[in-house]
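Biologist: Can you walk me through this one? I have the sequence and the model open.

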Amino acid sequence: QGYEGLVEGGDNIKQANWLSVSNIIQLGGTVIGSARCKAFTTRAGRLRAARNLVEHGITNLCVIGGDGSLTGADIFRSEWGGLLEELVRDGQISKEVAQKNCHLNIVGLVGSIDNDFCGTDMTIGTDSALHRIMEVIDAITTTAQSHQRTFVLEVMGRHCGYLALVSGLASGADWLFIPESPPEDGWEDLMCERLGE
């Protein structure tokens, strides 16, 4: 469950093996879970996360996420030494344990279906999201044609229109709204004219 799992500890932290990842390639979403974690935005929450990692002897993290996750990872890394000192001072870990776990290594992977991160060709999740969108479009296109109906499809993307743009191009959509290019005045008449054609 992302940082929530780090903060809560317990059964959320367990060793993965081949059986853990077999037969998951076709599944959508994330099998390891994902959660927004308010506690991790506080030093107290990061202190709990540090203690849970140290208890498991984990000093290497692979963080997959967007801006919030990667920013959190950078803060966690910068505070790591101070967090360990605080745990020693509070008697939660020994100096030897702190010394053994004194360095935290982090690898950050951009996981965002929005594909809105500079420096990468395609973020993790974008390709599978596009595949799911195209499966849905393929399924409803024949229904739309046979019933001579117009279908409106909304896709995710928050402030980024990448998924809408690419799926609209791939499916031959007649009209498209994306946040990067808000509709001009009078768009309703233009759209109706296009659909009428």
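Biologist: Which glycine follows H3, and what is its phi?
Modeller: Glycine 57 comes after H3, and its phi is positive, near 70°. Bear in mind that this is a predicted model.

Biologist: What residues does H3 cover, and how far does the helix reach?
Modeller: H3 takes in residues 43-55, 13 residues in total. From first C-alpha to last it reaches 18 Å, close to the 18 Å expected at 1.5 Å a residue.

Biologist: Which residues of H3 are buried?
Modeller: Gly45, Arg46, Leu47, Ala49, Ala50, Asn52, Leu53 and Val54.

Biologist: And what covers them?
Modeller: The cover includes helix H1 (3-8), strand E1 (60-65), helix H4 (67-89) and helix H5 (95-100).

Biologist: Zooming out, how many helices and strands are there?
Modeller: The protein chain has 8 helices and 2 strands. The order from the N terminus is α-α-α-β-α-α-β-α-α-α.

Biologist: What is the radius of gyration?
Modeller: The protein chain has 23 Å, whereas a compact globule of 197 residues would be near 16 Å. Its C-alpha trace spans about 75 × 40 × 25 Å along the principal axes.

Biologist: How much of the chain is buried?
Modeller: 27% of the 197 residues count as buried. The accessible surface is about 13700 Å², with 53% of that belonging to carbon and sulfur atoms.

Biologist: Now charges. How many positive and negative?
Modeller: There are 15 positive and 26 negative charges, and their mean positions lie 14 Å apart.

Technical notes:
Residues numbered from 1 in each chain as written. Predicted model: local features only at pLDDT ≥ 70, side-chain atom pairs only at ≥ 80, totals over all residues. Heavy atoms only, no water. Helix = DSSP H or I, 4+ residues; strand = E, 2+ residues; numbered from the N terminus. Rg over C-alpha atoms; globule rule 2.2 N^0.38 Å. Buried < 20%, exposed > 50% of the residue type's maximum accessible area, 1.4 Å probe, protein only. Areas by Shrake-Rupley, 256 points an atom, 1.4 Å probe, with all protein chains shown as cover. Lys, Arg positive; Asp, Glu negative; His and termini not counted. Charge placed at Lys NZ, Arg CZ, Asp CG, Glu CD. Expected span 1.5 Å × (residues − 1). Contact = heavy atoms within 4.5 Å.
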